[in-house]
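The tour begins with the whole chain and ends at a single side chain.

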Amino acid sequence: MYFLIDYENIHNPGMRGTEYLLPSDHVLVFYSAPAPNMEAQYLTAIRDSACEESRKLRQMLEDAFEGTAFAVRTGKKEEILKSGKTPKVICLDTRRRFGRRDGLEVYKRLKSWAEF
């Protein structure tokens, strides 16, 4: 399950339940300068749930595309890899999302960095 949390509006009370996260869950917390701090108990529960694999994938994608014209739109590349589709479908999906030429370049870079 995916959890998109607008921390600026909910603060700590909205983080209740993090202890029930599963390894298959994904958590994305949106925060800003007015709400930069979260209680450690919630961060610990998120970390202990093992759902942080998403963070590792995002870091891998950022490293793979650093310094390229494709360094942005990491979320789209993450969606493509998490789709569980075959390499052929992933290739077609990257071309659809990034354009014919750029999509092929993105696909080649994804293929060299990720196992799918």
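Two residues are in contact when they have heavy atoms within 4.5 Å of each other. This is a predicted model, in which local features need pLDDT of at least 70 and side-chain atom pairs count only at pLDDT 80 or more, while totals for chains, interfaces and linings use all residues. Residues are numbered from 1 along each chain as its sequence is written, and side-chain values use heavy atoms, with hydrogens and water left out.

Select the protein chain and colour by secondary structure. There are 6 helices and 2 strands, where helices (H or I, at least four residues) and strands (E, at least two) are DSSP runs numbered from the N terminus. Along the sequence, their order is β-α-β-α-α-α-α-α.

Next, colour by accessibility. Of the 116 residues, 33% count as buried, that is, under 20% relative accessible area with a 1.4 Å probe, protein chains only. Turning to contacts between residues at least 6 apart in sequence, 56% join residues at least 24 apart.

Now select helix 5, residues 87-98, and find Thr94 within this helix. Is Thr94 buried or exposed? Thr94 counts as buried because its relative accessibility is 0%.

Definitions and conventions: Buried means under 20% relative accessible area, exposed over 50%, partly exposed in between (1.4 Å probe, protein chains only).
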